[in-house]
Amino acid sequence: QAQTLTTPAVPAVRELGPVVFLLDDGLRILNQTPGSHAWLQTLLPQAADRAPVPASVYNVAGQLQAIEQGVDSHPAMARVHLSKGLWVTLRAARLSESGGAEEATIAVTIEETSPVDRLEIFALAFGLSGRESELVGLLATGSDTRDLAQRMFLTEHTVQDHLKSVFAKTSVHNRRTLLSRALGVREAELTSDGSGRR
């Protein structure tokens, strides 16, 4: 997982429109938005032996059914790495109460993973502690060392120690590279103070 976060994300194919799949309760694809096929073909070039719809679509739809049946309480969502640093988030929701087999009752959406969600994935993938995760999150808001210390109720020296630990765990040597990888943006896209604000 950590290796997928070492490269900046490729730009999302936003001009192709939203990606939405409609499934029935048998998890059969009934319909999809016009941009879905082109979007998936761009990001997931189809191999001859692979279905054009990623398994994650079925997984989150199945998770929604598990929630409804009281089998599992985890949310009907998943974050998946596609390629070249790009992570997407899939979510499933019920469109209809009737549950008829011929009706499109489950909608699954696919969207580029937000920077906030990427920070969570980044922290988990590199085994950052709670305080280290908090530090990276605050760093992404443009906080400098003094501000980080005040907001975290730490000394500036302790903040520097936490930063050194984060750098060691993530194999980076400066804040800009850290934020570039954590947020999935190129270093040139970060503001001059090295924050994740764009």
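Buried here means under 20% relative accessible area. The term is used in every view below.

**View 1. Overview of the predicted model.** The model is predicted. The protein has 7 helices and 5 strands. From the N terminus on, these elements follow the order β-β-α-α-β-β-β-α-α-α-α-α. There are 198 residues, and 40% of them are buried. The accessible surface comes to about 10500 Å². Carbon and sulfur atoms hold 54% of that surface. Among contacts with a separation of 6 or more, 54% join residues 24 or more positions apart.

**View 2. Confidence along the chain.** The average pLDDT is 82. A score of at least 70 is reached by 76% of the residues. Confidence is highest in helix H6 (residues 156-170), with a mean of 96. Confidence is lowest in helix H1 (residues 34-43), where the mean is 67. Where pLDDT is low, the predicted coordinates should not be read in detail.

View 3. Helix H2 covers residues 55-68, which is 14 residues. From first C-alpha to last, H2 reaches 20 Å. That is close to the 20 Å expected at 1.5 Å a residue. The buried residues of H2 are Ser 56, Val 57, Val 60, Ala 61, Gln 63, Leu 64, Gln 65 and Ala 66. An α-helix has 3.6 residues a turn, so residues three or four places apart point the same way. Gly 70 follows H2. The phi of Gly 70 is positive, near 75°.

**View 4. The largest nonpolar core.** This core has 27 residues. The residues with the most contacts inside the core are Phe 122, Leu 128, Leu 135, Val 136, Leu 178 and Leu 183. Five helices are drawn on here: H3 (115-125), H4, H5 (145-152), H6 and H7 (175-183) each give two or more residues to this core. A second core is separate and has 16 residues. Ala 61, Ala 92, Ile 106 and Val 108 are included in that second core.

View 5. Val 136 sits in helix H4 (residues 130-139). Val 136 has a relative accessibility of 3%, so the residue counts as buried. Which residues is Val 136 in contact with, leaving aside its neighbours within four places in sequence? They are Leu 119, Leu 128, Val 166, Leu 178, Leu 179 and Ala 182.

**View 6. The aromatic pair.** The structure holds 1 aromatic pair. Phe 122 and Phe 126 form this pair. Their ring centres are 4.7 Å apart. The planes make an angle of 50°, and the pair is tilted. Are these two residues buried or exposed? Both Phe 122 and Phe 126 are buried. Phe 122 is also among the residues with the most contacts inside the largest nonpolar core.

**View 7. Val 19 and Val 108.** Val 19 lies in strand E1 (residues 19-23). The relative accessible area of Val 19 is 2%, so this residue is buried. How far apart are Val 19 and Val 108 in sequence and in space? In sequence they are 89 residues apart. In space they are 8.2 Å apart, C-alpha to C-alpha.

Key: Residues are numbered from 1 along each chain as its sequence is written. This is a predicted model: local features need pLDDT of at least 70, side-chain atom pairs count only at pLDDT 80 or more; totals for chains, interfaces and linings use all residues. Side-chain values use heavy atoms; hydrogens and water are left out. Helices (H or I, at least four residues) and strands (E, at least two) are DSSP runs, numbered from the N terminus. Buried means under 20% relative accessible area, exposed over 50%, partly exposed in between (1.4 Å probe, protein chains only). Contact means heavy atoms within 4.5 Å. Accessible areas come from the Shrake-Rupley method with a 1.4 Å probe; for residues, only the protein chains shown count as cover. pLDDT is the predictor's confidence in each residue, from 0 to 100. Rings of Phe, Tyr and Trp (its six-membered ring) pair if their centres lie within 6.5 Å; planes under 30 degrees apart count as stacked, over 60 as edge-to-face and the rest as tilted. The expected span of a helix is 1.5 Å times one less than its number of residues. A nonpolar core is a set of buried Ala, Val, Leu, Ile, Met, Phe, Trp, Tyr and Cys residues joined through side-chain atoms within 4.5 Å.
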